[in-house]
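Open the structure in your viewer and keep the selection panel at hand. The stops below each give something to select and a note on what is there.

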Amino acid sequence: MGNLTRRAFLRNSTLCLTALGGLQLGFNTRLARADWQGNRFLVFVFLRGGMDGLNLVMPISGPDREPYEIKRPTINIPTTGDTAALPLSGDFGLHFAATGLHDLYLQQKLAVVHGIGFPLAQISRSHFDAQDYVDLGTPGELHTASGWLARHLESTGQVPDGAQIPALAAGSAPPDSLLGRRDTMTLDDPSSFHPNANNSIRVDNQPIYKLSTMVTLNQMYAGSGALDLAGTGAATTVELVDSLDVADYTPSPGANYPTSGVASSLASQARLIANIAKRGLGLQVATLDYGGWDTHENQGAGTQPNINANQYAARVDGLSQVLTALYNDLAGSGMADRMVVAVQSEFGRRVRENDNRGTDHGSGNPMLVLGGRVQGGRLFGTFGGLQDGDLFQNEDVATTTDTRRVLSEIVQRHLGNDDIATVFPGYDYSVGPLGVMPGDPIFANGFD
Amino acid sequence: MAAQLHGVGVSRRALLTGTATARAKSAPGLAGLSSSAITPPYAAYVLGRLGFGPLQGSQFSIEHFQSLGASDDARLTAFVDEQLNPTLDGSGNVVDTVVDTRLADPAYVTLGKSFDQLWNDYEVNGNPSGGPYVRDYPAREGERLVFVRAFYSRWGLVEQMADFWHNHFNIYGYDRYAAPTWSSWDRDVIRKNALGNFRAMLQATFESPAMLYYLDNYINRAPSFNENYAREIMELHTLGAINYLGPELQQSEVPLIPAGEDGAGWPVGYVDADVYELARALTGWSFGNGSNGTTNDGHPAFITSWHDIGQKTVLGAFQPANTPPTNEISAFLDRIAKHPGTGRHIALKLAQRFIGDDPPQEIVDNAAHVFFQNTEAPDQLKQTLRAVLLYDAGPGSFRDISNFGNKVKKPFEAVVSALRSVSIDFTVRRNVDSGSPESDSFMDRFRRSGHRPFDWRPPNGYPDVSDYWMGSTAFVHAWRTIDWALDQGTGTDQTPLAPLLDVTLNEFSSNVNDHTPNKLADFWLTRCFGWSPDPVNGWLGTDLHTKVRDFMARNTDTLTMFPPDTGIGAGPAGNTLGIETNQSPNYWYSRLRGMVDCVVFSPQFMLR
């Protein structure tokens, strides 16, 4: 090796299958639409476990306030005191722990859509069926061979042909929304992300056989089967993490990702998304999973301000801190307009709390949409009401807006993909957008 | 929709983006997951499916399989029957001398304790003031012992079934009451019943404080109720979501199973009302924890004042008001456990585990019928599993070797099969008094693969389909764990955990003239797989051999190659350092370990 640096050595190597600049996960068969200049991307945040949306966005005045308090005697969020709801618009407020999200709402970067879910015939109170419906984007059908984000990537014309990382699943495994997409980067953490774990002989601060192992992995996985592609993807991811120095990242000032608490993993994953998004690698979709919302018991008293004694508030606090940091991170680099973050769960929970100060599985729920171009500071959709005659099956917040309607709007107006029929097969989008995103694309030209 | 997504040709690019073609579920046989795979001998296929791959010199080896009969069919039947009937001790625990010897390590202190002892030692006295925090010792032993069993067990099928049921009745290992009682959960609930009677197993889970806590039944009380446990009993433990008819139908609207079919006259599936009725029946069923008038012993406890005494109907089984609660819950669990939908659900999951993500329907139907016919039999699950493995429904049945390659090893399977194949000497255990720091290092590395044992928080267990495990995080961290283990030493003299050099010198050759890259690659491919494609040439001449050989021969500059047929260290001048040396410029010993890495990182090895 002598004094040859590892980088030079990579460049000079005749055995290296891909020159540094040519490493990429994305392979696209369509050309980008000629008018597309946006480099826009979507972050899809899945709150797994059935997030109790009625305690995230709740009535603070008006005719539904009294039934809210009556049906939730211990867990309702009060309108005064330490744990007072944070006012949004009209009769609604936000959970007291969501201070960062509240600020973003006031800055008109965050919108809330009431009562999202699937059509009545496709409502399921099974976590796992309902999660599959969301991930696959085909409510009522569990055997769809691809996820909705995979179909977006397949049908959009907006991924540049040279995209190195068009899709990023931040975490230990890709969600089913990306099912079937073999060019997703799945990455939990860029540190020590290579298979040469403990080789004490180092060259240029890397295990001596790391490069050679990569060469052999690429050779062994050169076939055309799904496993071959997955193995190649893993090897390419290792090389990209290394060659791009992904582990070396400093967020924008003001992007305060929490480093402890229930959302610390979510925070490092969101930070990774910002990191990748800012590098101009063609990122189009990224996913985050944030579980722990199945609050059948001791969800957290509405008057308990200490998040260490309030499991639901702790989770909301974590979510709010992470999304706020992610937004500020992109905004600090002048890229907030490129990002939309959509946040949803598989279903909401019962309106009435149970005897264990928790809530059981329900249906209708809010969706949060965050981003520089989002028509924020507004509530969209229809809140079905909390009086007895208003509830779905006398139990749940009614579903009034199909989840796919909001996602279609984001796919079309933000990501520039008109092919909704492929993204959500069987869904009739003739109903059109709610207006969460602006109608006329404003291209973020020149932000690079 | 599929056609629409499909029409992108057959180029590599198209395959990369082809959403419809790429799903493992729809990929038939070999061509689906790796185009370079070689069909292994029948014995290797079976050993990879029923357990964690061959273990040289054991009863779970290719040689042993081959000794069991005159044809593949005969050998398969004999081997399955042998595996389904493991040696038991007087308490009904499986005897496995090699594993038992390792688990006699003094770092394991909870395994021999009864439930009552565990409760006393780790729940009641788990966190004494001023004393050591011992509460999670059972869970910590449990997540490590599962590696020891998988590395060394001769009863591979028992280990696969323990893993199957741990995921089927998933609880989080470090949960409040799981952690102190884990050794009993693993031994008395899961393993004792793994090949036994399903109703008995369901009862054992229902009587476990770990389960009653995990799914919130310990606080389920009238007049309201907590539906969590009732829903997951129906959706995950018994009938499964495949028999859930949704929230719209009422019980009276559910069609009945026609005459002449299994379960005739019972509702075909369940609706939300069945969940709510079962939840009402479960009100008051808790466990002794010292509150609400119960004794702090972890035993099942019924809190009368919490119970809803009204009449109830579950899956067509009616219980009038004021039925004695034990009779009531028994009647409902009987109906649910014996419903043919439960048999279909269990049979489907078993077939997916052992045959493929999309198994032949005839196999599932047959096994479901066996399950139904044997609901009272003490070996109901053994018979059901036997039907899944041995019933011949033609192509696609377990006995059809074209199934090889339709499954990818999950990280646990990848790591365990790799380390088994190199004869690792590693009793993973609690790091007591710094006696096994490498155990902690191993667990820390493996955790990042996303497959840490008993660490799946939702109640549905780790996914069993290949797609989930084909992300780069799972691969890279499984490989990283293996690489670490091949490099790691233990004790003051840092004896290697994986005896790669000893195996090379003792089993292959100590003659340096034999230590050519070509021969070393051939030896280690054969050693790790337990077979070779050709009786004369071994792996020589295969693409995989060439690639592995090239790793061994490739000089550190990656530009030049060591001659592939020259013995390493065999001279002349400039070639005097042998494979046991580890110094510049060739670092041969490190390179040998890296070459074995490549063997077990290969797509051929990652397939089952």
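The tour goes from the interface to a pocket, and then to some local features of the backbone and side chains.

**Stop 1: the interface**

The coordinates are a predicted model. Colour by chain and select the contact between A and B, which takes 89 residues from chain A and 86 residues from chain B. Between them, chain A and chain B bury about 7,500 Å², and 56% of that area is on carbon and sulfur atoms.

Now show polar interactions across the interface. The rule finds 34 residue pairs in polar contact between chain A and chain B, both residues being at pLDDT 80 or more. On the chain A side, the elements that each supply at least two residues touching chain B are α1 (6–12), α4 (127–136), α5 (148–155), β7 (184–187), α6 (210–220) and α7 (226–243). Select α7(A) next: with 11 residues, this helix gives the largest share of the side of chain A that touches chain B. By class, that side has 34 nonpolar, 38 polar and 17 charged residues.

Three salt bridges cross the interface of chain A and chain B. For one salt bridge, select Asp188(A) and Arg448(B), whose side chains meet at 2.9 Å, N to O.

**Stop 2: the second largest pocket**

Which element gives the largest share of the lining? The answer is α11(B), with four residues. The lining of this pocket divides into 14 nonpolar, seven polar and 10 charged residues.

**Stop 3**

**Stop 3: Asp105(B)**

Select Asp105(B), in the loop between α7 and α8 (115–124) of chain B. Which residues does Asp105(B) touch, not counting residues up to four places away in sequence? They are Thr427(B) and Arg429(B). With Arg429(B) there is also a side chain to side chain polar contact, at 3.5 Å.

**Stop 4: backbone details**

Go to the peptide bond between Ala222(B) and Pro223(B), which is cis, with omega about 5°. Pro223(B) is in the loop between α13 (209–214) and α14 (228–237) of chain B.

Move on to Gly571(B) and Pro572(B), which are also joined by a cis peptide bond; omega is about 0°. Pro572(B) is found in the loop between α25 (543–553) and α26 (588–601) of chain B.

Finish in chain A at Asn394(A), in the loop between β13 (379–380) and β14 (401–402). Asn394(A) is not a glycine, yet phi is positive there, about 60°.

Terms used:
Residues are numbered from 1 along each chain as its sequence is written. Chains are lettered from A and ligands numbered from 1 in the order in which they are written. This is a predicted model: local features need pLDDT of at least 70, side-chain atom pairs count only at pLDDT 80 or more; totals for chains, interfaces and linings use all residues. Side-chain values use heavy atoms; hydrogens and water are left out. Ala, Val, Leu, Ile, Met, Phe, Trp, Tyr, Cys and Pro count as nonpolar, Asp, Glu, Lys and Arg as charged, and the others, Gly among them, as polar. Contact means heavy atoms within 4.5 Å. Buried area is the accessible area (1.4 Å probe) that two parts lose on being put together, summed over both. A salt bridge is a side-chain nitrogen of Lys or Arg within 4 Å of a carboxyl oxygen of Asp or Glu. A polar contact is a pair of N or O atoms within 3.5 Å; within protein, one must be able to donate a hydrogen and the other to accept it, and residues adjacent in sequence count only if both atoms are side-chain atoms.
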